[in-house]
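The following note sets out my comments on the structure shown below.

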Amino acid sequence: MKVPRVESKLRVFLFKIQFNSQVTDFKKSLNTVNSACEEVRHSLKLKEILKKILYLGNALNQGTARGSAIGFKLDSLLKLTDTRATNNKMTLMHYLCKVLASKSPSLLDFHVDLVSLEAASKIQLKSLAEEMQAIIKGLDKVKKELEASETDGPVSEIFHKTLKEFVGVAEAQVGSVKDLYSVAGRNADALALYFGEDPARCPFEQVTATLLNFVRLFRKAHEENLKQAELERKKVQKEEMENAKGVNLNKKGFK
């Protein structure tokens, strides 16, 4: 009861106790954003697949105003499953996978380049901004309490000494985190710009969600192609066996 501003001191100590884990988790999220952006922008396989898609789109739209496009909107990647063949069985995504399997099979595992994409798609930049502000404001409150406790006398002597040591370490860590946060923000904008999109209209969350859905649809179509090819192989094998039996029966009948 003799401790001045005891409630403020307890809040400050709670911040101090949680600080390391809070900063560690925050850095992990920032590093995930940075890694995902780097992986996407540096994936040569993804770039080649996007080129193939543009080529296919131009081939399909040949003779129309859209037949000589130099690019396409990012959300067009998800429309590849909407365009179907006349038999309604094969989509453009299936055809893309079939062409790649035949001519560029090394591109089929492009998702391996994007190991951070799924984790990054769960991160909201708004939440990161709020977390950054919470850390900054929390440290400011610690500094104010540190300054106020200087005149408390002996009752706050140990508290003041402990808090002073913490502030020295925490300031350096917050400075480092602020730099990392700025880098993540620039990378998030650069990711949208990489696809020719406006970061304000097509934010990081939309880019990562679109790419992740594309990866899933692509892999699903490829798996379905493999299953279909296996069914057709078994069908041909069965027909060959039946034909072979028919030939043997005819030979026996002839004798």
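1. A residue is called exposed when its relative accessible area is over 50%, buried when that value is under 20%, and partly exposed in between. Leu10 has a relative accessible area of 58% and is therefore exposed. The model under review is predicted, and the comments below should be read accordingly.

2. Surface patch. Leu10 belongs to helix H1, which spans residues 6–42. Together with Val3, Val6 and Val155, Leu10 makes a nonpolar surface patch of about 330 Å².

3. Lys9 and its salt bridge. Which side chain does Lys9 meet in a salt bridge at 3.0 Å, N to O? The partner is Glu145. Lys9 is in helix H1 and Glu145 in helix H5, so that the bridge links distant parts of the chain, 136 residues apart. Both ends fall under the 20% limit for burial: Lys9 counts as buried at 6% relative accessibility, and Glu145 counts as buried at 3%. The bridge is part of a network of salt bridges that links Arg5, Lys9 and Glu145.

4. Lys9 and an aromatic ring. Lys9 also lies over the face of Phe159, at 5.0 Å from the ring centre.

5. Salt bridges within a helix. The count for the model comes to ten salt bridges. One of them joins the side chains of Glu38 and Arg41 at 3.1 Å, N to O. Glu38 and Arg41 both lie in helix H1, three residues apart, about one turn of the helix. Glu38 is partly exposed, with a relative accessible area of 30%. A further bridge joins Lys51 and Glu48 at 3.2 Å, N to O. Lys51 and Glu48 are three residues apart in helix H2, so about one helical turn separates them. Lys51 is partly exposed at a relative accessible area of 48%, and Glu48 is partly exposed at 32%.

6. A separation for reference. How many residues apart in sequence are Glu38 and Met132, and what is their C-alpha to C-alpha separation in space? Glu38 and Met132 are 94 residues apart in sequence and 22 Å apart in space.

7. Aromatic pairs. A pair of aromatic rings is described by the distance of the centres and the angle of the planes. Nine aromatic pairs are found in a search of the whole structure. In one of them, the ring centres of Phe19 and Phe166 are 5.3 Å apart and the planes stand at 90°, so this pair is edge-to-face. Because Phe19 lies in helix H1 and Phe166 in helix H6 (residues 157–194), the pair ties together parts that are 147 residues apart in sequence. Is each of these two residues buried or exposed? Phe19 is buried, with a relative accessible area of 1%, and Phe166 is buried, with a value of 11%. Ring pairs link Phe15, Phe19 and Phe166 into a cluster.

8. Tyr194 and Phe195 form an aromatic pair with 5.0 Å from centre to centre and 85° between the planes, an edge-to-face arrangement. Tyr194 is partly exposed, with a relative accessible area of 29%, whereas Phe195 counts as buried at 13% relative accessibility.

9. Nonpolar core. Which residues touch the most other members of the largest nonpolar core? Of its 57 residues, they are Ile49, Leu96, Phe195, Phe214 and Phe218. At least two residues of this core come from each of the helices H1, H2 (44–60), H3 (92–103), H4 (117–120), H5 (125–148), H6 and H7 (204–254). H6 gives the most, with eleven residues.

Definitions and conventions
Residues numbered from 1 in each chain as written. Predicted model: local features only at pLDDT ≥ 70, side-chain atom pairs only at ≥ 80, totals over all residues. Heavy atoms only, no water. Patch = residues over 30% accessible without salt bridge, like charges linked within 9 Å, V, L, I, M, F, W, Y side chains within 5 Å. Areas by Shrake-Rupley, 256 points an atom, 1.4 Å probe, with all protein chains shown as cover. Salt bridge = Lys/Arg side-chain N within 4 Å of Asp/Glu carboxyl O. Helix = DSSP H or I, 4+ residues; strand = E, 2+ residues; numbered from the N terminus. Buried < 20%, exposed > 50% of the residue type's maximum accessible area, 1.4 Å probe, protein only. Phe/Tyr/Trp six-rings, centres within 6.5 Å; stacked < 30°, edge-to-face > 60°. Lys NZ or Arg CZ within 6 Å of the ring centre and 35° of its normal. Core = buried A, V, L, I, M, F, W, Y, C linked by side-chain atoms within 4.5 Å.
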